[in-house]
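Here are a few notes to read alongside the structure. Take them one at a time, and keep the 3D view open as you go.

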Amino acid sequence: MSGFGGFVLRRLVGTALTLLAISVIVYVVFFVTPGNVAQITCGPRCSPEQVHQVAQQLRLDDPLYLRYWHFLQGILVGQDYSTGTSVEHCSAPCLGLSYQGGQQVTHLIFTKLPVSLSLVFGAMILWLILGVGTGVLSAWRRGRLSERVLTGVTLAGVATPVFVIGLVLMIVVCGQLRLLPFPQYVSLTDDPEQWAWNLLLPWLSLALIEAATFARLTRASMLETLAEDHIRTFRAYGVGERSIIGRHALRGAFAPIIALNANNVGSAIGGAVLTETLFGLPGIGQELVHAVNVVDLPVVVGMVMVIGFFVVIANAVADVLYAVADRRVVLA
């Protein structure tokens, strides 16, 4: 196949192979870690016979390649697990059972994922509006005082950790001014208004950090586009500066913005640990930290796999959108 259809097909094949490679790397890295997982799972007071029984239930005595094959088989078609007294079926995509509570990892992730997705996608809308808007204004007002102020603000945003911004916002907005309540997650399906109201501060905390990066990238892309020959031609024909900025220069600067946004959305789902912890949001970031602390390897592997899935899928979507914005990518 050639053209746009072939480009999309190649990206789909590459995405599938990348996900397979991620599953191999993640599984091998975490399950080769030192330490007696069966002993940790069973507890310090377990006898050697009980530890051995736990190891058999968790299939820890099997070779690593066989355990990975069962793991991959569970993702594709599901798998049966022995709980000691009964057999539990885990439907595809099955990421195993938690060592601590015996809960299906997939179910655990699906209960936590809406919180992280709510945080990231709400913040994404804000960081695109704030970042792109600030970058366009900074490029338009180049060399003036307003451009210097905006540049200083974006540099400060890049250098400031998210927990500092979050703490300042909570102290000022919730504590002193009392404009918003302290965040407490409410499901979107239960009360959409309270869902947005309680997530506003977490959105701002995460968005202000990312918006600074988008502002710098947008400014640089806009300045590069404004220096091209076709922009000078528009100016020579008397086209208004606002029309040049909004209809021509901004469109030419969209490609790197699309690529950066895809990277940020994918990585922010896994990287929102500090934001979720600071505001007490029960997302996958908090659950991942807990699983690492208790050495719950199936949960850790499952969480990392899901985060890697979103990163790869986001970049694949960005490649397609990049090609739509610039058809020269298809021929590359």
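1. How close do the axes of helix α7 and α8 come, and at what angle do they cross? Keep in mind as you look that this is a predicted model. The axes of α7 (residues 162–176) and α8 come within 9 Å, and the crossing angle is roughly 140 degrees. Angles over 145 degrees would count as roughly antiparallel, so α7 is described as oblique to α8. The crossing of these two helices, α7 and α8, is right-handed.

2. Now turn to the residues where these helices touch. On the α7 side you will find Val162, Ile165, Gly166, Leu169, Met170, Val173 and Cys174. They meet residues of α8, including Leu201, Leu204 and Leu208.

3. Helix α5 packs against α6 (residues 145–159) at an angle of about 145 degrees, and their axes are 9 Å apart. Here the crossing is left-handed. From α5, the contact uses Thr134, Leu137 and Ser138, while α6 brings Glu147, Leu150, Thr151 and Thr154.

4. The protein has 332 residues, and 40% of them count as buried. Among contacts with a separation of 6 or more, 64% are between residues 24 or more positions apart. The accessible surface comes to about 17700 Å², with 64% of that surface belonging to carbon and sulfur atoms.

5. Next come the aromatic rings. A pair of such rings is described by the distance of the centres and the angle of the planes. How many aromatic pairs does the structure hold? There are four aromatic pairs. One of them is formed by Trp127 and Phe214, which are stacked with 6.2 Å from centre to centre and 20 degrees between the planes. This pair links distant parts of the chain, since Trp127 sits in α5 (residues 105–140) and Phe214 in α8 (residues 192–226), 87 residues apart. Trp127 and Phe214 are both buried.

6. For another arrangement, find Phe309 and Phe310. Their ring centres are 5.7 Å apart and their planes stand at 80 degrees, so this pair is edge-to-face; the cut-off for that label is over 60 degrees. Phe309 has 38% relative accessibility, so Phe309 counts as partly exposed.

7. Is Ser118 buried or exposed? Ser118 lies in helix α5, and its relative accessible area is 12%. Buried means under 20%, so Ser118 is buried. Leaving aside neighbours within four places in sequence, Ser118 is in contact with Tyr185, Trp195, Leu199 and Trp203.

8. Finally, look at a loop residue. Where is Ala92 found? Ala92 belongs to the loop between β2 (87–90) and α5. With 37% relative accessibility, Ala92 counts as partly exposed. Ala92 and Gly74 are 18 residues apart in sequence, yet their C-alpha atoms are 6.0 Å apart in space. Not counting residues up to four places away in sequence, Ala92 touches Gly74, Ile75, Leu76, Val77 and Gly78.

Definitions and conventions. Residues are numbered from 1 along each chain as its sequence is written. This is a predicted model: local features need pLDDT of at least 70, side-chain atom pairs count only at pLDDT 80 or more; totals for chains, interfaces and linings use all residues. Side-chain values use heavy atoms; hydrogens and water are left out. Buried means under 20% relative accessible area, exposed over 50%, partly exposed in between (1.4 Å probe, protein chains only). Contact means heavy atoms within 4.5 Å. Accessible areas come from the Shrake-Rupley method with a 1.4 Å probe; for residues, only the protein chains shown count as cover. Rings of Phe, Tyr and Trp (its six-membered ring) pair if their centres lie within 6.5 Å; planes under 30 degrees apart count as stacked, over 60 as edge-to-face and the rest as tilted. Helices (H or I, at least four residues) and strands (E, at least two) are DSSP runs, numbered from the N terminus. Axes are lines fitted to C-alpha atoms, for helices over the stretch in contact, and angles run from 0 to 180 degrees between N-to-C directions. Angles under 35 degrees count as roughly parallel, over 145 as roughly antiparallel, 65 to 115 as roughly perpendicular and the rest as oblique. A crossing is left-handed if the near helix is turned anticlockwise from the far one by less than a right angle, and right-handed if clockwise.
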